[in-house]
Amino acid sequence: MLAIIDYGVGNLFSLKSSLDAVGEETVVTADREEIRRADRLILPGVGAFADAADKLEKSGMADVVREEAARGKPIMGICLGMQLLFEKSFEYGEHKGLGLIPGTVRPIADVIPKGYKIPHIGWNELTFPGEKHPLFAELEEGAFVYFVHSYYGAECSESTIALTDYGAPLTAAVAKGNVIGCQFHPEKSGAVGMKILRAFCAMK
Amino acid sequence: MITKRIIPCLDVKDGRVVKGVNFKDLNDVSSPIELASYYSENGADELVFYDITASAEGRKLFTEILTETARTVFIPLTVGGGINTVEDFDRVLKCGADKVSVNSGAIRNPGLIDEAAKLYGDQCVVLSADIARVNGEFQVFSRGGRDNTGMEAIGWIKECVDRGAGEVVVNSIDTDGVKKGFDIEMLRAVCDAVNVPVIASGGAGSLQDFLDLFDQVPDIDAGLAASVFHFGEVSIAELKEKMAEHGIPARLV
């Protein structure tokens, strides 16, 4: 059983549907016990970092995620959900994240060349800087996934498992042990995204 | 490298996909759900569902069709038509929309963009503008292209982007349905004015029209069309291959 953590943000319907499509039994839940019982977790999210981090902390869900991460449960953050895994974000001020992966969240405007549009919206290629992570086992370098973001994971090169090029290399995915983050949306990335979700669902 | 997107637009009325020539004389084409799956499998980068009658008749969007589509199609979905309040945003986002496009609703109440961008993020809010030349000026039309608002279009688009629209769909009324190519002049003017992704709409009649669009307006991010795809005049898979041959970044499937 996979639990999609529902803390009141994002399009959870598509995410749940995509997991249904790969044959994973999935529950969308805000119930802490249910989250603890699940074999794996997905932390979704769109919108503003501060608001989402606040909701996670206030609901007590942040602590549950930290505890389950420490127990070795596979956890995947998607888009803002990935950014929340870092130590802090500089989106409209400075805000604390879950601190599960070393790094920060910064505006892509800081690193991309002038003339590149913000947000970074659309299909872009994945490259794998080191040894290919099991999440991407079934993919070739250059596989396209769908991105929508204006901020990126910075100071996280040690945990970076995929990059994408938008005038500058941007963090596309990170992993530290059982904790994984994808800046792109696997649930919106067609057949490639399904392969990534399937790989995550096979992780022990 | 980020690719140029190809986006079929499904204009939905009474649960069916329709496409009007210059917004009139609608023809039934097909089932939205079937068409959406077909496009997704054949290389569409994204889908747009417009409830084309909603802004005129106050008709609510066909959320059942949207829900069913989002259950089976795993590429981004943008929904437009009849979006007047943040409750309308909420309703379609819960049914699987990723982005919501505003048109007449934003003309009536521009603050809707600020409000929605604050709640759902800029990336969720798409400004759709129906534009035609009037006395040598680009002007914005509302209610599915029927009413001239008298507003100058480039200024309007810039205002909406400042308010938080994360993407802009430019639909040229002058070229829509004519099938002789996109409105290069209008699209260049918009691309020069804003720094968010711009999607070209209105005028595609052949595969070559898309190649010309990306050649002649390098800053354009996507080409949107309906009937050329629905009637099989342009195959998206073939279009993607031709784009790649011409050095236009494309996602091949």
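Two strands count as paired if DSSP finds at least two bridges between them, and the elements themselves are DSSP runs numbered from the N terminus: helices are H or I with at least four residues, strands are E with at least two. The model is a predicted one, in which local features need pLDDT of at least 70 and side-chain atom pairs count only at pLDDT 80 or more, while totals for chains, interfaces and linings use all residues. Residues are numbered from 1 along each chain as its sequence is written, with chains lettered from A and ligands numbered from 1 in the order in which they are written.

In chain A, an open sheet of four strands runs β6-β5-β7-β10, with mixed pairing. The edges belong to β6 (95–96) and β10 (151–154); each has a single partner strand, so one side of each has no neighbour in the sheet. β10(A) pairs antiparallel with β7 (residues 104–107) of chain A over four bridges, and Thr104(A) has Ala154(A) in β10(A) as its bridge partner.

Now to the packing. A nonpolar core here means buried Ala, Val, Leu, Ile, Met, Phe, Trp, Tyr and Cys residues joined through C-beta atoms within 7 Å, buried meaning that 20 or more other C-beta atoms lie within 10 Å of the residue's own, with C-beta atoms placed from the backbone. The largest such core has 156 residues, and Leu47(B), Val100(B), Val168(B) and Val170(B) touch the most other members. Strand β7 (residues 125–134) of chain B gives the most to this core, six residues.

As for the interface, 28 residues of chain B contact 27 of chain A (contact: C-beta atoms, placed from the backbone, within 7 Å). On the chain B side, α3 (63–72) and α4 (86–94) each supply at least two residues.

Methods: Buried ≥ 20, exposed ≤ 12 C-beta atoms within 10 Å, placed from the backbone. Contact = placed C-beta atoms within 7 Å.
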